[in-house]
Amino acid sequence: MVKLQIPDTKIAGVTLKNHMLLAAGVLGTTAASLKRMLSLGAGGVVTKSIGPEAIPGHHGPALFPVDGGLINAMGLPNPSKDFVDELKAIQKEGVVVSIFGGTAEQFGTVASWFPDAEAFELNLSCPHAEGYGASIGVNPRVVKECTETVKAYGKPTWVKLTPNVTDIKVIGKAAEEGGADAIVAINTVKAMRISTELGKPILGNKFGGLSGKAIFPIAVRAVYDLYEAVDIPIIGCGGVSTADNVVEMMMAGAQAVEIGSAVYDSVNVFSEIANDLYADDGIKAEEIVGCAHD
Ligand code: RRO
């Protein structure tokens, strides 16, 4: 496998110590857990998505393991504005604040609470959030509007897309037109399981989002498609768990990756991957980004 150099510049406007960030939604609700993941080797971290109002989340079960991954329907649990104080306890660099809203105006309100954020990631992609996430993120006009509104706060603006659409390129282009600095692809894949003992859906919310190794090929395909459609950086997300996965995502077109479910298997996943991925005589990531395209 090809070995890389540690990045020496910002990626998509964000200061990263390596090419791997903690994905939104995993250990991202407290400054202590975010700090811990940085100290355990994450090159950057994305917070849990923060919205206009505090939400307790869906009733359980909200997360369960399946072959090759996890299905969740956490239900956007978040402390809303109270997270502003929590975030003061953590450095600014390498911390991306994930935000959501039901309208462009709500996205703007939440963005206005975080003048110290290094960057924003817009959650337009949660697959099971009525009025939020993918329910509005499938509409290119709305994606463009929300992106424009947050971009006006002058920070690098990443837009995280749902794979649950016919053509992800259309949504990626809408984000680019709205001024996005990067696309993050992908959020979880809409999914469900049924308990054959109970004859009922397992999740409290009935359906949720599949993450983990099972969705890696879907994520690679989305990144590959987007690379052909947009000129802004792409951050690959979905089932990344090895150094070879990072390289593959880059070959599809990603400049960096986010890692979520693999943290459940090992909190040391970032340093484990870094050991395999980097070498003093490694090549620059730019040499392989998008190389799988003609
Ligand atoms: O909180 C969740 O249930 C959740 C979110 Br915000 C998201 O973006 N993706 C996901 O699979 N779950």
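**Close-up views of a predicted model**

**View 1. Helix α8 is largely enclosed by the rest of the structure, because 7 of its 10 residues (243-252) are buried.** Buried means under 20% relative accessible area, with a 1.4 Å probe and protein chains only. The model is predicted: local features need pLDDT of at least 70, side-chain atom pairs count only at pLDDT 80 or more, and totals for chains, interfaces and linings use all residues. Residues are numbered from 1 along each chain as its sequence is written, and side-chain values use heavy atoms, with hydrogens and water left out. Helices (H or I, at least four residues) and strands (E, at least two) are DSSP runs, numbered from the N terminus. The buried residues of α8 are Ala 243, Asn 245, Val 246, Val 247, Met 249, Met 250 and Ala 252. They pack against α7 (216-229), β13 (234-237), β14 and α10 (269-277), where contact means heavy atoms within 4.5 Å. Gly 253 follows α8 and has a positive phi, near 140 degrees.

**View 2. An open sheet of 4 strands has the order β3-β4-β12-β9, with antiparallel pairing.** Two strands pair if DSSP finds at least two bridges between them. β3 (63-66) and β9 (189-191) are at the edges with a single partner strand each, so one side of each has no neighbour in the sheet. β4 (residues 69-72) and β12 (residues 208-211) are joined by 3 bridges, and Leu 70 has Ser 211 in β12 as its bridge partner.

**View 3. β3 and β4 form a hairpin with 2 residues between them.** In the turn, Gly 68 has a positive phi of about 80 degrees. The two antiparallel strands, β3 and β4, are joined by 4 bridges, and Phe 64 is opposite Ile 71 in β4. Phe 64 and Val 66 form the covered face of β3, while Leu 63 and Pro 65 form the uncovered one. In a regular strand, side chains alternate between the two faces of the sheet.

**View 4. The largest pocket has a volume of about 670 Å³.** A pocket is an open set of points on a 1 Å grid over the protein atoms alone, where a 1.4 Å probe fits, with protein on both sides within 12 Å along at least five of seven lines; lining residues have an atom within 4 Å of a point. The volume is the space filled by probe spheres set on the points, which are joined across faces, edges and corners. Of the 41 lining residues, Ala 24, Val 26, Asn 72, Thr 188 and Ser 211 are the closest to the centre. β4 gives the most to the lining, with 4 residues.

Technical notes. Buried < 20%, exposed > 50% of the residue type's maximum accessible area, 1.4 Å probe, protein only.
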